[in-house]
Amino acid sequence: DIAFAYSEPQGAGGETRQVAGGEVPTMTTQQGIPVGDDQNSLKQGARGPTLLEDFHFREKMFHFDHERIPERVVHARGYAAHGYFELTDSLADVSRADIFQRVGERTPAFVRFSTVAGSKGSVDLARDVRGFAVKLYTQEGNWDLVGNNIPVFFIQDAMKFPDLIHAAKPEPDRAFPQAQTAHDNFWDFISLTPESFHMVMWAMSDRAIPRSFRTMEGFGVHTFRLIDAKGKSTFVKFHWKPKQGLQSVVWNEAVKINGADPDFHRRDLWDAINSGDYPEWELGVQLFDDAFADSFDFDVLDATKLIPEELVPVRVVGRLVLDRVVDNFFAETEQVAFCTQNVPPGIDFSNDPLLQGRNFSYLDTQIKRLGGPNFTHIPINAPKCPMHHFQQDGHMAMHNPRGRANYEPNSWGPTHGGPREDPARGFTSFAQEAEGPKQRVRSETFADHYSQARQFFVSQTPIEQKHIGDALVFELSKVERPDIRSRTVSHLLNIDGGLAQTVAEGLGLPLPDAAAAAREPLVDLPPSHKLS
Ligand code: HEM
């Protein structure tokens, strides 16, 4: 629909000028000054030099020079869309969260899917975990469920996250490989980190090469809490189940698609929504109490473990529909800031040490990535409910407090005194008891690293198991150091003997002996952290 009022030839080169008129607006500077010539800088004479006085040139160039912001330190490549969440089954019995009260009510949503390791310009079909981050603009503030398409994570303690990501990203000297798990540093770290092997099984499975964002599950991963009106807590795990079904490609297809169309996933989402084929997911919850948590074979605070759906069935309570693409990729998809600590009253955290660390990390990184403390003023991040607080000033402040008082307590009346706290409606942290010495420790209840990895592997069909074996052989064949390959295979012996054998043969390695596999890994772990 781009129409120009009229064009006229201009200049010795005969270049075309496209000028304003009719419905076509006049170009201005950022200060609103009408622009007469956007083709030529201001010069002294026909052949220069260019003059410093040229404010239009300087503004245009300075702004261009500052267009880039840092890409996310992880999940840099992503794609997002708008939609809504609709409650289909009330959770009022277990949570006071406003979003869970009234069946049929819709809450605006913004969802960003991503890969983890690749840079912003990397390919869509890399073998990688996918981010599934959901921002729900509830009537009691934004709830961010910052999840992945795999229900467990590589590590148990946030302390190890920088190491995991350093090891997974391109190697520091050569800056490759890009968006690949196929390299020495990644497998070196993994093979020295037995807790990662459950997630490694998922990452080597077809789940890590989804056919479409629309055909992925999503998981909150951590155990969270729901809190009812009386302050009672129920543990919860969150699940997104795609109505489109779960679908993946095979590696051969992934490699070809990456070459033919590196934007395959983003194009797929854009085309589906624009053609009215709105993707939909069910929100499921696994609810359990302290008694179940105590009886469970694993620790519910350990993010490398899931809760089998046979033990705690998933209760479907709502649906998420994506029905609108963004107007502007940078303004929305790039600038959106999800944070695990954004929870409304009625939802609370568990003591999962990974979740506790995430609660610090997201806000910290976003203050840098988005240029200061006021990124909640960017429309995509702003709550859609009433908002009143005394935070003020700072770079890019758009909404400073109104009225006389910017502090409390104050003795100004309702017009000038500003907002007041609300003990009845406000967020109250769950009053969990805590005891014990202050110490750096990993709980012994986090020590079984292989049982659920094994359960996952044996739950796969033969062809899916073959894909896992093939993926391990492919990825490890890119690893140069034989000791890293061998150490990885020795862990596989603890998961499935047949798988270990297949991978060893595929790599042309002798099968490490069982004693080697049972040995302590080469890291120094506290005495409490023995392998089972
Ligand atoms: C993005 C940290 C674990 C899912 C990020 C970002 C950081 C981060 C710094 C970039 C945020 C931004 O620039 O806006 C961490 C730390 C973790 C951790 C420290 C562990 C200690 C996880 C886990 C999940 C997850 C377990 C899934 C359950 C995501 C997603 C994004 C993200 C989906 C992208 C959000 C978006 O689309 O903007 N993470 N992360 N992360 N993380 Fe994590």
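1. Leaving out residues up to four places away in sequence, Val111 touches Ala80, Ala81, Gly83, Ala133, Val134 and Leu322. Val111 and Met201 are the two residues that touch the most other members of the largest nonpolar core, a set of 103 residues. The top contributor to this core is helix H4 (residues 197-203), which gives 6 residues. Keep in mind as you look around that this is a predicted model.

2. Now step back to the whole protein. You'll find 14 helices and 12 strands, and the C-alpha atoms fill a box of roughly 85 × 65 × 45 Å along the principal axes. Of the 532 residues, 36% count as buried. Looking at contacts with a separation of 6 or more, 70% come from residues 24 or more positions apart.

3. Next, the ligand. The shell around the ligand holds 28 residues, and the closest are His75, Arg112, Gly131, Ala158 and Val221. Strand E4 (106-115), strand E5 (130-138), strand E6 (141-148) and helix H9 (353-369) are the elements that each give two or more residues to this shell. Which element gives the largest share? That is H9, with 8 residues. By class, the shell splits into 14 nonpolar, 10 polar and 4 charged residues.

4. An unreviewed UniProt entry puts the feature "binding site" at Arg72, Arg112, Phe161, Arg358, Tyr362 and Arg369.

5. Arg112 sits in strand E4. Is Arg112 buried or exposed? Arg112 counts as buried because it has 24 C-beta neighbours inside 10 Å, and the cut-off for buried is 20 or more. Setting aside neighbours within four places in sequence, Arg112 is in contact with Gly78, Ala80, Gly131, Ala133, Thr333 and Val336. Ala80 and Ala133 also turn up among the residues that Val111 touches.

6. Tyr362 belongs to helix H9. With 18 other C-beta atoms within 10 Å, Tyr362 comes out as partly exposed. Not counting residues up to four places away in sequence, Tyr362 touches Phe338, Cys339 and Thr340.

7. Val221, one of the closest residues to the ligand, deserves a look at its backbone. Val221 is not a glycine, yet has a positive phi of about 70°. Val221 lies in the loop between strand E7 (218-219) and strand E8 (224-227), and counts as buried because 25 C-beta neighbours are inside 10 Å. Asp393 also has a positive phi, about 60°, without being a glycine. Asp393 is in the loop between H9 and H10 and is exposed, with 10 other C-beta atoms within 10 Å.

8. Have a look at the cis peptide bonds too. One runs from Gly48 to Pro49, with omega near 5°; Pro49 is in the loop between strand E2 (15-19) and helix H1 (55-65). Another runs from Glu408 to Pro409, with omega near 5°, and Pro409 is in the loop between H9 and helix H10 (451-458).

9. Finally, a helix pair. The axes of helix H2 (residues 161-168) and helix H3 (residues 184-191) come within 7 Å and cross at roughly 145°. H2 brings Asp163, Leu164, Ala167 and Ala168 to the contact, while H3 brings Asn185, Phe186, Asp188 and Phe189. By class, this contact has 5 nonpolar, 1 polar and 2 charged residues.

Terms used: Residues are numbered from 1 along each chain as its sequence is written. This is a predicted model: local features need pLDDT of at least 70, side-chain atom pairs count only at pLDDT 80 or more; totals for chains, interfaces and linings use all residues. A residue is near a molecule or strand if its C-beta atom, placed from the backbone, lies within 6 Å of it. Helices (H or I, at least four residues) and strands (E, at least two) are DSSP runs, numbered from the N terminus. Ala, Val, Leu, Ile, Met, Phe, Trp, Tyr, Cys and Pro count as nonpolar, Asp, Glu, Lys and Arg as charged, and the others, Gly among them, as polar. A residue is buried if 20 or more other C-beta atoms lie within 10 Å of its own, exposed if 12 or fewer, and partly exposed in between; C-beta atoms are placed from the backbone. Two residues are in contact if their C-beta atoms, placed from the backbone, lie within 7 Å. A nonpolar core is a set of buried Ala, Val, Leu, Ile, Met, Phe, Trp, Tyr and Cys residues joined through C-beta atoms within 7 Å. UniProt positions are given in the numbering used here, feature names are shortened, and annotations may be inferred rather than shown by experiment. Axes are lines fitted to C-alpha atoms, for helices over the stretch in contact, and angles run from 0 to 180 degrees between N-to-C directions.
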